[in-house]
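We will go from stop to stop, selecting a few residues each time.

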Amino acid sequence: AYCMHGPIIAEKDRRIADLEAQGAELKVNNRLAKREAAKLREKLETEQAMRERCEIIISFQSATISELEVALAELPRSMDQIVALVGGLGGSVSATATKQAEDHMTR
């Protein structure tokens with residue numbers, strides 16, 4: 001006894017099974033995507049923290065470089081004052097030591 005609705009019911013059952021399989025696959029993909037998103041968020045937070053630390057270090061180093069530039073700019077004047085002071089004390093520093101200091105200053 002062949003039922004003419006048999007093929008239609010079989011096709012609907014096949015479609016339902018396909019949709020259920022697609023639904024299960026989408027759930028798996030969704031879980032994987034959420035895990036990947038969490039990993040990427042963590043990586044982003046780590047990179048942001050590293051960037052902030054690097055910016056602090058760069059800022060500190062820039063300030064230190066500026067301070068050193070000021071000190072280096074003042075060095076010739078300071079050396080001139082020292083040489084003048086020593087000269088005023090009767091030249092108790094040898095000419096060789098003074099020349100070495102001046103040579104070192106110009107490097």
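Select Arg77 and Glu74. Their side chains meet in a salt bridge, 2.5 Å from N to O. This is a predicted model. Both residues sit in helix α1, three residues apart, which is about one turn of the helix. Now show the surface. Arg77 is partly exposed, at 47% relative accessible area. Glu74 also counts as partly exposed, with 34% relative accessibility.

Next, a network. Select Glu11, Arg14, Arg15 and Asp18: salt bridges that share partners join these four residues into one network. Zoom in on Glu11 and Arg15. Their side chains form a salt bridge of 3.3 Å, N to O. Why are these two about one helical turn apart? Because they are four residues apart in helix α1. Is Arg15 buried or exposed? Arg15 is exposed, with a relative accessible area of 52%, while Glu11 is partly exposed at 29%.

Move on to Arg51 and Glu55. Here the salt bridge spans 2.9 Å, N to O. Arg51 is exposed, with a relative accessible area of 57%. Glu55 is partly exposed, at 41%.

How many salt bridges does the structure hold? It holds five.

Last stop: select Lys27, Arg31, Arg35 and Lys39. On the surface, these residues gather in a patch of positive charge. Where is Arg35 placed? Arg35 belongs to helix α1, which covers residues 6–88.

Terms used. Residues numbered from 1 in each chain as written. Predicted model: local features only at pLDDT ≥ 70, side-chain atom pairs only at ≥ 80, totals over all residues. Heavy atoms only, no water. Patch = residues over 30% accessible without salt bridge, like charges linked within 9 Å, V, L, I, M, F, W, Y side chains within 5 Å. Areas by Shrake-Rupley, 256 points an atom, 1.4 Å probe, with all protein chains shown as cover. Lys, Arg positive; Asp, Glu negative; His and termini not counted. Charge placed at Lys NZ, Arg CZ, Asp CG, Glu CD. Buried < 20%, exposed > 50% of the residue type's maximum accessible area, 1.4 Å probe, protein only.
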